[in-house]
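Dear colleague,

I am passing on to you the structure we spoke about, and I would be grateful if you could look through it with the notes that follow. Please keep the sequence and the 3D view open side by side as you read.

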Amino acid sequence: MLTRHLLKQASTCRHFLLNSKTSSPLLTKSLLFSSSSSSSPESQSPTTTFVDDKVTDQYPSSTSISIDRSDLYNPPDHSHEPTSESELVKHLKGIIKFRGGPISVAEYMEEVLTNPKFGFYISRDVFGTEGDFITSPEVSQMFGEMVGVWAMCLWEQMGRPKQVNLVELGPGRGTLMADLLRGASKFKSFTESLHVHLVECSPTLQKLQHHNLKCLDEDDNGDGVEKRTISTLAGTLVSWHALLEQVPSGLPSIIIAHEFYDALPVHQFQRASRGWCEKMVDVSEDSMFRFVLSPQPTPATLYLMKRCKWAAPEEIEKLSHIEVCPKAMDLTHAIADRIGCDGGGALIIDYGLNGVVSDSLQAIRKHKFINILDNPGSADLSAYVDFASIRHSAEEVSADISVHGPITQSQFLGALGINFRVESLLQNCTDEQADSLRTGYWRLVGEGEAPFWEGPDEQVPIGMGTRYLAMAIVNTKQGVPVPFQ
């Protein structure tokens, strides 16, 4: 039944995708579909762009902490040779020494990724073949284009509002937003309604986004009015913010969170003889980082209790490890509250599970997995997203929102018409461009190794179509969003 429905959705989209030069009135008929009815990253081949076609501490601190290691799972040995300590390593050890005991995995993860001076994301470009991992927008322009189709469909269901906040959380290089705006640029009524808000904490990436969105800054005329930035891709206003809370409210919002939730810090719990204990990061006698178990309940235990209440007892009984992400729950609360009050919707695409996540935290450096305690700050840390937790977090905030999915990325993109888009692009490209398109298409919607690959085995494209899931949170007034009907 699902397959038949997705095929029906895709066939409806074909007319739009094969007629990219049509004017905006076609959007209602070709993009709306049925709106009236209310990872692990791999190496990448070169791509071509085609134009047109919070936790409260309820436990007292102690000056002396006893560490229990009897039930602790021993992680693999470090893979690096002894080297001089980085500033981040010194900073982390300083925190542990000042506290008089270990820190949570979540705090370790947050410092490693977003420390204002030494964080992994703060001062470098970590995306693409020359970075540490590749995301879907870096694989093919078609990903951003299909997300743009989804956004325009939602805009139609919202009644074509004259002003909309288009918000992206963690935009990376800005590739997704650039492809979205470029693909939607012909639909002036849509693009003219947009004010793009990029939620990004890295100054380095903000500059890269400014460049890739081909932004122009208006001259400061000294009248005290804030200077405006315009993306020349579609003539839209662009603003940057460090937090979602800084994005102005009062207007309907379309929020995109692609591979954002996976980088939010997780607390890890391990089942021991005395029950669930939080896994912590400490410094050993030889001055190396190691895992220990908390000897008493921690503030994050409250979130663990909440997560277990949302799950079936048999689901918890079979697990020896559980990961919870308080920041993901809090972020979802903020998104759901905004959408419930102002209207609009959110699209979340990430790798994860529709259920309790166990021991998934991983470190990736130069496209290879390493020990997560190995030379912190030199590798990306990420964890599987708990989509069931997102659903419960959203639904407990507002009765004015509805949650749809998750469905696989392959189902999501297929129903929006990526098959027809690739066919259209293949008609006007070189052989080299065609190879790049097929490889990018497989990475987005395929599963496992590409059967057509004839190149080196170590470069075989790996499909992400079933590894990644898509979920939507929308205001109930908009009905069921495409393609979750």
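Please bear in mind from the start that this is a predicted model. I begin with a pair of charged side chains: Glu85 and Lys93 form a salt bridge, in which the closest N and O atoms are 2.3 Å apart. The two partners are placed as follows: Glu85 is partly exposed, with a relative accessible area of 38%, whereas Lys93 counts as buried at 15%, because buried means under 20% relative accessible area.

Arg99, which counts as partly exposed at 42% relative accessibility, meets Glu107 through their side chains, at 2.6 Å from N to O. Asp179 is buried, with a relative accessible area of 6%, and its side chain meets that of Arg182 in a salt bridge of 2.9 Å, N to O. Asp179 and Arg182 are 3 residues apart in helix 7 (residues 175-184), and therefore about one helical turn separates them.

Turning to the nonpolar residues, the largest core has 53 residues, of which Trp150, Leu181, Ile254 and Phe412 touch the most other members. Helix 6 (residues 141-157) gives the most to this core, namely 11 residues. Apart from this core lies another, of 52 residues, including Leu88, Ile95, Val167 and Leu361.

If you centre the view on Ile254 and leave aside its neighbours within four places in sequence, you will find Ile254 in contact with several residues, among them Trp150, Leu154, Val167 and Gly345.

With best wishes

Key. Residues are numbered from 1 along each chain as its sequence is written. This is a predicted model: local features need pLDDT of at least 70, side-chain atom pairs count only at pLDDT 80 or more; totals for chains, interfaces and linings use all residues. Side-chain values use heavy atoms; hydrogens and water are left out. A nonpolar core is a set of buried Ala, Val, Leu, Ile, Met, Phe, Trp, Tyr and Cys residues joined through side-chain atoms within 4.5 Å. Buried means under 20% relative accessible area, exposed over 50%, partly exposed in between (1.4 Å probe, protein chains only). Helices (H or I, at least four residues) and strands (E, at least two) are DSSP runs, numbered from the N terminus. Contact means heavy atoms within 4.5 Å. A salt bridge is a side-chain nitrogen of Lys or Arg within 4 Å of a carboxyl oxygen of Asp or Glu.
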